[in-house]
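I am keeping short notes while I look through this structure for the first time. Each entry covers one thing I looked up.

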Amino acid sequence: MNSATQLKMMGSSPAFLSVLRASRLVAVTGATVLIQGESGVGKELLAESIHEASRQADGPFVAVNCAALSETLVESELFGHAKGAYTGAVAKRIGRIAAAHKGTLFLDEIGDMPLSIQAKMLRFLENGECQPLGVEQPARVEVRVVAATNRDLAALVAAGQFRQDLYHRLHVVPLLLPPLRERGQDVALLANAFLASFATRHGVALPAFSRSALELLRSHTWPGNVRELRNLCERLVIFQAGQEISDTCIRGQLFPHAACGTNKADFTPALAPFSLPSDGLSLEWVERNLILAALERTHGNRTHAAKLLDLSRDTLLYRMRKYALR
Ligand SMILES: Nc1ncnc2c1ncn2[C@@H]1O[C@H](COP(=O)(O)OP(=O)(O)OP(=O)(O)O)[C@@H](O)[C@H]1O
Ligand SMILES: [Mg+2]
């Protein structure tokens, strides 16, 4: 179990509390749970808290990252193997499934499980029998299954990338963790708790958010969700120990590239002030935040903000309406 478990799941927004309540109800049953939600919303933390509130809390919690399973080794990784089952199998190996016996098997990133493995997983989920490679007698394994994904499993089924029968086997009790941007009041609560926890961990004086900083946190769209907020708070604790944290300071941490050279002549790919993250980003999100940054720098003066963005004032006003900015 990761260190995050030491920090309980926090939140007070109605959207979050309703998922938390449902998770408490299902935790004490043995039902299979499928947790869905964007990256960084807390799916793994929720899976751990379901385990902790379950009847098998004293048993192991075994997490398997299905996206990281290599197709060649996956069978022995999940199901185990006997000594000599194949060339290189010099010793017996207990698979991850058997390791979770009488505990919780957390199938993380289930949407990325290779199709070839999905059939074997389905067989195990249906009969509870785990057959290591090279072993004749399958063993009965009792596990509570919690799966998680940030992908739209139903769409993967429709696209033929995920088995429908496995989908139905997992989709017993679905829990959808909403993105942080839809959990308004959770942002300040989490941000203050993260500041306090990191200040203690790093042994530095606790900084405090200014009002405008909290407003900015509230209006940010958090594409990386709680993980993004948590990482931001750790940086703020390190760089602003004991100080008041302004909105400008947060902007600098959230958009470190935005302040770099704006001379258009310099805008060659090699010198581009922005770099595209490997998993892409939302252009609308960037545009919205650049508009906010320009308005902030010009203290709300729209004519000057439009100039900074090389837009006409009308275009800026149109885009502000589009993003519901005032
Ligand atoms: N409600 C919460 N309270 C406190 N910490 C949280 C909460 N939700 C998430 N976190 C923290 O945010 C980070 C990301 O959470 P987690 O790893 O559970 O997200 P995830 O949904 O599994 O992300 P991914 O899809 O990228 O795997 C972790 O450090 C976790 O401890
Ligand atoms: Mg995760």
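**Entry: Gly11.** Is Gly11 buried or exposed? I find that Gly11 counts as buried, because it has 22 C-beta neighbours inside 10 Å. I note here that I am reading a predicted model. Gly11 sits in the segment before helix 1 (14-27). I then looked up what Gly11 touches, leaving aside its neighbours within four places in sequence: the contacts are Phe16, Leu17, Arg183, Asp186 and Leu189. I also checked Leu190, which is 179 residues from Gly11 in sequence but 7.0 Å from it in space, C-alpha to C-alpha.

Entry: In what order do the five strands of the open sheet lie? I read the order as 2-5-8-1-9, with parallel pairing. At the edges I find strand 2 (61-65) and strand 9 (173-176); each has a single partner strand, so one side of each is left without a neighbour in the sheet. On average, neighbouring strands of this sheet are turned by 20° against each other, direction ignored.

**Entry: strand pairs.** I went through some of the pairings. Strand 2 pairs with strand 5 in the parallel sense over five bridges, and I looked up Asn65, whose bridge partner in strand 5 is Asp108. Strand 5 also pairs with strand 8 in the parallel sense, over five bridges. There I find Leu107 opposite Ala147 of strand 8. Strand 1 (residues 33-36) runs parallel to strand 9 and is joined to it by four bridges. For Ile35, the bridge partner in strand 9 is Leu175.

**Entry: strand 5.** How many of the six residues of strand 5 are buried? I count five as buried, so strand 5 is largely enclosed by the rest of the structure.

**Entry: helix 2.** I looked up what helix 2 (residues 43-52) lies across, and the list is strand 1, strand 2, strand 5 (103-108), strand 8 (143-149) and strand 9. Helix 2 runs at about 165° to strand 8.

**Entry: helix 9.** I find Ala213, Leu216 and Leu217 buried in helix 9. They cover an arc of only 100° around the axis, which puts them on the same side of helix 9. I remind myself that an α-helix has 3.6 residues a turn, so residues three or four places apart point the same way. What covers the buried residues of helix 9 includes helix 8, strand 10 (208-209), strand 11 and helix 11.

**Entry: helix 9 with helix 11.** I took this pair next. The axes of helix 9 (residues 211-219) and helix 11 come within 7 Å and cross at roughly 40°. On the helix 9 side I list Ser212, Ala213, Leu216 and Leu217, which meet Asp247, Ile250 and Arg251 of helix 11. By type, the residues of this contact of helix 9 with helix 11 are four nonpolar, one polar and two charged.

**Entry: helix 10.** Helix 10 (residues 225-239) has 15 residues and spans 21 Å from its first C-alpha to its last, close to the 21 Å expected at 1.5 Å a residue. Which residues of helix 10 are buried? I list Asn225, Val226, Leu229, Leu232, Cys233, Leu236 and Val237. Down the axis of helix 10, these buried residues fall within an arc of 135°, so they line one face of the helix. I find them packed against helix 8 (186-202), strand 11 (244-245) and helix 11 (247-254).

Key. Residues are numbered from 1 along each chain as its sequence is written. Chains are lettered from A and ligands numbered from 1 in the order in which they are written. This is a predicted model: local features need pLDDT of at least 70, side-chain atom pairs count only at pLDDT 80 or more; totals for chains, interfaces and linings use all residues. Helices (H or I, at least four residues) and strands (E, at least two) are DSSP runs, numbered from the N terminus. The expected span of a helix is 1.5 Å times one less than its number of residues. A residue is buried if 20 or more other C-beta atoms lie within 10 Å of its own, exposed if 12 or fewer, and partly exposed in between; C-beta atoms are placed from the backbone. The arc is that of the directions from the helix axis to the C-beta atoms. Two residues are in contact if their C-beta atoms, placed from the backbone, lie within 7 Å. Two strands pair if DSSP finds at least two bridges between them. Axes are lines fitted to C-alpha atoms, for helices over the stretch in contact, and angles run from 0 to 180 degrees between N-to-C directions. Ala, Val, Leu, Ile, Met, Phe, Trp, Tyr, Cys and Pro count as nonpolar, Asp, Glu, Lys and Arg as charged, and the others, Gly among them, as polar.
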